[in-house]
Amino acid sequence: MTTTEIRATATGVSAEFRDVRRVFGSMTALDGLTLTVEPGELLALLGPSGCGKTTALRLLAGFDRPTSGGVFVGGKDVSGVSAAKRDMGMVFQSYSLFPTMSAADNVAFGLRVRGVKRGARRAKAVELLELVGLGAHAQKYPHQLSGGQQQRVALARALAIQPRLLLLDEPLSALDAKVREQLRDEIRRIQTELGVTTVIVTHDQEEALAMADRVAVMNSGRLEQCADPATLYQRPSTAFVAEFVGTMNRVAGVAESDGRVRVLGHSVAADGATRAPGEDVTVLVRPESLVLNPALEGWTVTASTFRGANTRLRLANAGHDDLLADVAAHRVGDFPLGARASVALHDAPVLVAS
Amino acid sequence: MSSSTTTVRRLSWGAGARWLVLALAAVYFVGPLIAAINFTVKTPGGGVSLDAYGQIFAAPPTGQIGFVEALVYSLLLSVFSIALTLALMVPTQILLHLYLPKLKSVVEIICLLPLVFPPVVLVVGISNIYKAVAPQAGDDGSPLFLALKWARDTDHPLLLVATYSVMALPFVYRTINTGLEALPLATLVEAARNLGASWWTTITSVLLPPLRTSLVNAGFLCFALVMGEYTVASILLYTKPFPVWLAQLPAASGQEQAAVSVFSLLLVEAALLLVSGFGVKGSKKGMP
Ligand SMILES: Nc1ncnc2c1ncn2[C@@H]1O[C@H](COP(=O)(O)OP(=O)(O)O)[C@@H](O)[C@H]1O
Ligand SMILES: [Mg+2]
């Protein structure tokens, strides 16, 4: 089986949550989730721990049933279909390989269950192990493989059944940083190659932004915003999204007319709720949107964190909350600890938090 | 430096102690065996003879069944008891671990009860059940009575198998519980179901292989229990189980009785070694 063959049979289907609620006793894990996963895309479910990401994924896989609302795959309600009949490949957060089967047997398991002949499923298993870069480890047992290798085998095992949806529940969270980044790129490459509709759950915003076509940010069982990474980062629609994705300063400002606000002495366009002119507002501003210039008075540099391409400075000013501002490497020399600076804003829309 | 010296000294003392304990245990267990063997091969004149062992396979004088038949009877009893216990306990425990973890302690207590009540109590309970369903005058027996009567038959002693399964519960519960706790059960089941496996395939292909060592251990304990159980079998008037058969050999041939014991002990020992070798080999394959 070549990857083009897999692709031909696995072109993506859509998946949809329609007003899904899932209640565990007194705990509402999903509180009216409505979300569509487009055919062939990689969608990341992003949110803090406990916000309902895994619950949502398990509803897709068929391990759980919604309390109310519907789950649709390829336009069809799948509520009556058991997990074993859904043809979905899942990769779990914890290691889930069958301990007494070799890597190849693990990958071939789904095919064996489907009655594929021994020779054919062996060949497919080896092919998929090669796809995930483990061709040489086919005969090893799970305990002989590293964490990253085990998750690669789990990925190959999920892909072997040519799943309608590929579901990944924090597949990288148990791995160390280097392996995590490598495997992240590889999952993305394979997913693009096969074109299989994929949902990945993660609490790591960097991972979500790096991998996904679109990111759905969840909070307390609800969808906050679903958008492509750039939009999510640049035009977050809620304060929760803005502060969960990347870093934000909270700056005091005053509302003006025409949906603009005056902040740090500048008048800029504002997203979010419109306010009556003259009303006090809190505005969210990214550290890289602040422009620093050496000055004789104003803000004082109190801390500095080297971050490679830029340096993040902490600035204090009597009567204001501290600000974080990013300065390009070649300008860091202008702002040693204790230096004074004036702060201005790039002319991009800001978000009014409250 | 000083701490490492003490560690070394403690270690060497520990090794010495281990050997001492092992030697004492060896004397304790092997001593009687050697004495018994010695007794079976001695002749009145002071010579050595294997005659007593030759007698084992000879037809017993008092119309009793033969040695081989009694041994096979008990072996079959243990095989069926193991099968019944495992068939009951494996699905029950998987169910408990997966879906009813809160009931685990309740079931554990129930399974440990046979340790608290001596087998005699169990037998009394059984005979009371038989009495309770026994036919009244002019009555030829309820279906329940007939079923129980059938189960008591010495040709297919379901009653004995069921009783032994109950008596084995404490050991079997523990070993299977330990095995299951070492597995990421929920994840393995979901992974298998996700890949399209039926429940049957999930249990037989995914869960049982890693539990193999536990199952072999459980079987062991059950086997040892059945091969040595005398009380229940004799009170329920079974004569074929090996321990009962052995006790009923004519007292005159004390030497022969001892020879049978020694021989059967060695036979059972060999069987255990065979099974454990099998279990270890299997577990080496894929488990850490
Ligand atoms: N089987 C369950 N029983 C009870 N509560 C649950 C169960 N599964 C999840 N929850 C609760 O639902 C909420 C969401 O859980 P989950 O979907 O696992 O969050 P996430 O994956 O985003 O960290 C949590 O508060 C969790 O405690
Ligand atoms: Mg989770």
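**Ligand and interface**

Author: A polar side-chain atom of T55(A) is 2.5 Å from an oxygen atom of ligand 1. The model is predicted, so local features need pLDDT of at least 70 and side-chain atom pairs count only at pLDDT 80 or more, whereas totals for chains, interfaces and linings use all residues. Residues are numbered from 1 along each chain as its sequence is written, chains are lettered from A and ligands numbered from 1 in the order in which they are written, and side-chain values use heavy atoms, with hydrogens and water left out.

Reader: What makes the pair of T55(A) and ligand 1 a polar contact?

Author: A polar contact is a pair of N or O atoms within 3.5 Å; within protein, one must be able to donate a hydrogen and the other to accept it, and residues adjacent in sequence count only if both atoms are side-chain atoms. The T55(A) distance is 2.5 Å, and therefore the pair qualifies. A polar side-chain atom of T54(A) lies 2.6 Å from a ligand 1 oxygen, and for the side chain of K53(A) the distance is 2.9 Å.

Reader: Which residues are around ligand 1, and what puts them there?

Author: A residue is near a molecule if one of its heavy atoms lies within 4 Å of it. Among those around ligand 1 are F24(A), M27(A), G52(A) and K53(A). With three residues, α2(A) gives the most to this shell.

Reader: Why is the pair of R58(A) and E190(B) called a salt bridge?

Author: The term requires a side-chain nitrogen of Lys or Arg within 4 Å of a carboxyl oxygen of Asp or Glu. Across the interface of chain B and chain A, the rule finds one salt bridge.

Reader: What is the area buried between chain B and chain A?

Author: Buried area is the accessible area (1.4 Å probe) that two parts lose on being put together, summed over both. Here the value is about 2,000 Å², with 64% from carbon and sulfur atoms. E190(B), N194(B) and L195(B) supply 35% of the area that chain B buries against chain A, more than any other three residues.

Methods: Helices (H or I, at least four residues) and strands (E, at least two) are DSSP runs, numbered from the N terminus.
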